[in-house]
Amino acid sequence: MVSTKVEWRSSFVYMIKLELLAAKNLIGANINGTSDPYAVITCGSQKRFSSMVPGSRNPIWGEEFDFYVGELPVQINVTIYDWDIVWKSTVLGSVILTIEDAGQTEAIWHSLDSSSGQVCLQTSTKRFPVSSSGSLNGFAGVVARRRMSVDKQGPTVVHQKPGPLQTIFNLPPDEVVEHSYSCALERSFLYHGRMYVSAWHICFHSNVFSKQMKVILPFEDIEEIKKSQHAFINPSITIILRVGAGGQGVPPLASTDGRAKYMFASFWNRNHAHKTLERAVKNFQAMEEAEKELEQWHIADEYSGLLREISFRSLCNNPMCPPDTAMTEWQHSVFTANKSVLVFETVQQAHDVPFGSYFEVHSRWVLETTSESSCTIDIKVGAHFKKWCLMQSKIKTGLLSEGAFA
């Protein structure tokens, strides 16, 4: 995967915590005079969904949502909708908040831009230093940097056909589907669709009665994946997000501890899907740990440039191998004197595959600047065998094919 980082205009980043407390006197959109309200909170390109409160014009939420921005002032839009099982949700009103500086506000009732309704909101804004690498000192991790930098992508070229993650969910072109399952999202009733799992997200898409439903759950926001039951007889999986993450794509199920959660049912094999999702979470956490180690470069003693050693887990596409394997990678990087060419070399050792101790994977990346906004990349990949084995030709062919796919 390509790791991107935010280029902040200043040395600080702001974390805005918005608390959606309650609403009152909302418009009654249902035939019986009530509504099924939920809120959509937008800050720039970041969007969060609150849970839906059924049959109420005076809902109480008590939910919080976190947003990260590079500079102030910013505007946050809070729009209240009425949930409908089949038809498009009806807007009940909205309000715009302007966050001008760090600090905390009291709980304030804001009038909606409709004939009736108010919403109670409270905000807290804190400023944190950004490290030299672009990380947020524990407040926004690798995926947060990736998510916030999507709008600032350069002329990246990925030579592969766009998949469902791009055509349906508009995710970056380097993100690919690793697993997919037919299942159903539990809301007012079961919305049948398909779940897609990548190295960064769990996504779900459904189109029932022309009602489009898209859920995008970043692994960084997931706290727990557990087995559950829908209607006592339908085995299901519940995905619970951290406090402050909010819902993603559609309103989540309500929770007493403030955490958003989504329930998926009607899997062909619930236990297999649950194990796959748990393994994907562990792989993501291992990738995060590897990212943390990326800062620990040291000067090479024998030749110019910098060295580092990292460990991570990598997926295996060969049927003779396990689903994933532990990897150790030694990296060397060096710039030319005029800083126009970067040479990046790696040596990888796989630990859990057959004959893994017999060979190493060597790669060499040469990046040369051609203009202020573009560069050329020359990549060479090869296999170095420390010992001879019967499977040598098949191993080499498999390594080169996976390298070409990556």
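Me: Does Arg259 count as buried or exposed, and at what relative accessibility?
Reply: Arg259 counts as buried, at 19% relative accessibility. Buried means under 20% relative accessible area, exposed over 50%, and partly exposed in between (1.4 Å probe, protein chains only).

Me: What kind of model is this?
Reply: This is a predicted model, in which local features need pLDDT of at least 70 and side-chain atom pairs count only at pLDDT 80 or more, while totals for chains, interfaces and linings use all residues. Residues are numbered from 1 along each chain as its sequence is written, and side-chain values use heavy atoms, with hydrogens and water left out.

Me: Back to Arg259: how far apart are the closest N and O atoms in its salt bridge with Glu223?
Reply: They are 2.8 Å apart. A salt bridge here is a side-chain nitrogen of Lys or Arg within 4 Å of a carboxyl oxygen of Asp or Glu.

Me: Where do Glu223 and Arg259 lie?
Reply: Glu223 is in strand 14 (residues 222–230), and Arg259 is in the loop between strand 15 (234–241) and strand 16 (261–265), 36 residues apart. Strands (E, at least two residues) are DSSP runs, numbered from the N terminus.

Me: And how far apart are the closest N and O atoms for Glu224 and Arg259?
Reply: For that salt bridge the distance is 3.9 Å. Glu224 lies in strand 14 and Arg259 in the loop, so the pair ties together parts that are 35 residues apart in sequence. Glu224 is partly exposed, at 32% relative accessibility. Arg259 also forms a salt bridge with Asp257, with the closest N and O atoms 2.9 Å apart.

Me: How many salt bridges does the structure hold?
Reply: The structure holds nine. Lys17, Glu64, Asp66, Asp221 and Arg242 are linked in a network of them.

Me: New topic: is Glu329 buried or exposed?
Reply: Glu329 is buried, with a relative accessible area of 8%, and is found in strand 19 (residues 324–335). Leaving aside neighbours within four places in sequence, its contacts (heavy atoms within 4.5 Å) include Arg308, Phe312 and Gln348. The C-alpha atoms of Glu329 and Gln348 are separated by 4.4 Å.

Me: What is the strand order in the open sheet of four strands?
Reply: The order is 3-2-5-6, with antiparallel pairing; two strands pair if DSSP finds at least two bridges between them. Strand 3 (46–49) and strand 6 (90–99) each have a single partner strand, so one side of each is left without a neighbour in the sheet.

Me: Which residue in strand 3 stands opposite Val40?
Reply: Phe49 does. Strand 2 (residues 37–43) and strand 3 pair over four bridges.
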